[in-house]
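I opened this structure to look up a few backbone angles and charged pairs. My notes follow in the order I made them.

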Amino acid sequence: FSEQDAVELQQIAMVIGDSFYRQRWKAMETLFEKGDEQVSAVLNQHRERPVYSSNGPGMSTPPEILRSISRQPFLRAHSPLQVEDLVSLDFDVLTQTEDFLEELVPDILRHAGCIENCKIPEERLMTWSEAVHQGYRENSFHNWYHGFGVYQMCFHQLSLIDTFSGLTATEGFGLLVASLCHDIDHPGVTNGFLIRQQDDLALRYNDVSVLENHHASVACTILRAEKTNISSGLEKVEQGVFRKAIIKCILATDMAHHQGLCQKLIGCNSSEQFQSTVAEDSQFLMNVCVHAADLSAQVLQWETAKKWEERICQEFTAQAKKETDMGITPEPFMQFKMEDMKLRGKLQRDFIDFVLRPLWEPYTQLEPQMQRCLTNLIKNRNLYELRRIYGSDQLEEMPDDMDL
């Protein structure tokens with residue numbers, strides 16, 4: 001079995017994988033046509049629109065290796081964490097206090113190399129971190145915990161995947177800031193809700209990526225204030241690059257772009273082709289990173305993943321109640337009761353099958369270092385299927401005779 005055989009085997013696997021993903025999309029459309037209302041509602045949230053491409057100015061500074069993670073303990077003596085803890089996929093933000101997570105924000109930027117390479121004024125970092133924290137509302141899901149969780153998941157990817165070493169320091173800085181701010185001031189309802197209500201935000205942004213435009217605007221407004229301007233150490237041109245990276249990364253979290261992003265990943269038939277693609281379009285790599293992090297709750301360990309599932313269900317039922325009180329019919333995937341564990345199991349299983357797997361399967365195939373994410377996702381998917389069948393999470397192991 002020669003090295004060339006291994007290369008050809010990988011290419012065959014990519015071709016098979018590409019066919020599989022395309023068949024999955026076809027199956028999704030078939031279910032849509034057959035009238036499964038819940039599946040149809042999910043698909044309508046992810047219809048393809050153009051994916052943003054990078055047309056930004058050239059970098060005025062040479063590329064820096066972003067992956068410069070120190071293996072030293074954190075400098076704050078009271079912190080029980082080390083860098084390895086914060087890089088880990090097992091880091092559970094829900095077990096920490098909000099204020100402690102706020103204190104960890106500068107540590108990630110420090111260990112990612114941003115403070116040194118981008119000349120971040122450290123006296124402004126905690127003020128900025130506090131301002132971002134205060135900018136998040138007390139929603140069940142779209143809250144400070146989620147914002148920090150996405151931030152930490154981006155740090156996890158940056159530390160694990162060599163492809164990110166091709167980013168400039170300014171791009172990496174913008175990516176991390178975007179990830180922390182990507183849902184700031186989220187009202188706990190969807191774009192569709194705001195558009196149907198002709199909300200002021202929907203009118204301001206012409207019904208296009210309403211929430212994402214708002215999050216980007218709030219994030220950039222905080223950065224304009226002198227006490228929270230952590231980009232002041234950058235050259236003028238680099239400040240423009242930094243701002244553009246933040247805006248594009250946050251806009252790319254609109255689920256309307258999900259299908260297009262997945263299909264672009266699927267179109268990369270090898271790791272080499274993916275690396276070639278992102279070398280020409282670094283914004284695509286940053287978009288993938290933030291979008292994957294935004295959709296990472298179900299690639300965590302089961303005990304953590306199911307807590308996030310409960311939180312999004314609480315937020316959905318709260319929106320459904322608002323709509324019902326207004327005489328509006330909620331989306332089918334929001335029409336359930338919290339105690340209906342079987343239906344919740346079906347909804348989450350469908351979300352994994354039709355939304356998450358088309359992202360995480362090609363991504364982990366192109367970047368095998370992320371394989372554990374997919375392993376967790378498949379395990380969680382099967383446990384939601386058990387919930388759908390039995391109406392509880394009491395079964396810890398899969399029955400031997402069960403075909404899922």
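I began with Asp-207, which counts as partly exposed because its relative accessibility is 39%; the cut-offs are under 20% relative accessible area for buried, over 50% for exposed, and partly exposed in between, with a 1.4 Å probe and protein chains only. I noted that the model is predicted, that local features need pLDDT of at least 70 and side-chain atom pairs pLDDT 80 or more, while totals for chains, interfaces and linings use all residues. Residues are numbered from 1 along each chain as its sequence is written, and side-chain values use heavy atoms, with hydrogens and water left out.

**Entry: backbone angles.** I looked up phi of Asp-207 and found a value near 65°, which is positive in a residue other than glycine. I placed Asp-207 in the loop between α10 (200–204) and α11 (210–224). Helices here are DSSP runs of H or I with at least four residues, strands are runs of E with at least two, and both are numbered from the N terminus.

I then turned to Lys-119, another residue other than glycine with a positive phi, near 55°. Lys-119 sits in the loop between α5 (114–117) and α6 (122–135). Is Lys-119 buried or exposed? I wrote down exposed, because its relative accessibility is 57%.

**Entry: salt bridges.** How many salt bridges does the structure hold? I found 19, each being a side-chain nitrogen of Lys or Arg within 4 Å of a carboxyl oxygen of Asp or Glu. Side chains of opposite charge can pair when their charged atoms come close.

I looked up Asp-92 and Lys-307, whose side chains meet in a salt bridge at 2.9 Å, N to O. The pair links distant parts of the chain, 215 residues apart: Asp-92 is in the loop between α3 (83–87) and α4 (98–111), and Lys-307 is in helix α16 (residues 302–325). Asp-92 is buried at 11% relative accessible area, whereas Lys-307 is partly exposed at 30%.

My next pair was Arg-137 and Asp-185, with a salt bridge of 2.9 Å, N to O. This pair also links distant parts of the chain, 48 residues apart, with Arg-137 in the loop between α6 and α7 (144–160) and Asp-185 in the loop between α8 (169–181) and α9 (191–196). I recorded Arg-137 as partly exposed, with a relative accessible area of 38%.

**Entry: a network.** Which residues are linked with Arg-349 in a network of salt bridges? I listed Lys-346, Asp-350, Glu-385 and Arg-388. Within it, the closest N and O atoms of Arg-349 and Asp-350 are 3.0 Å apart. Both Arg-349 and Asp-350 are buried.
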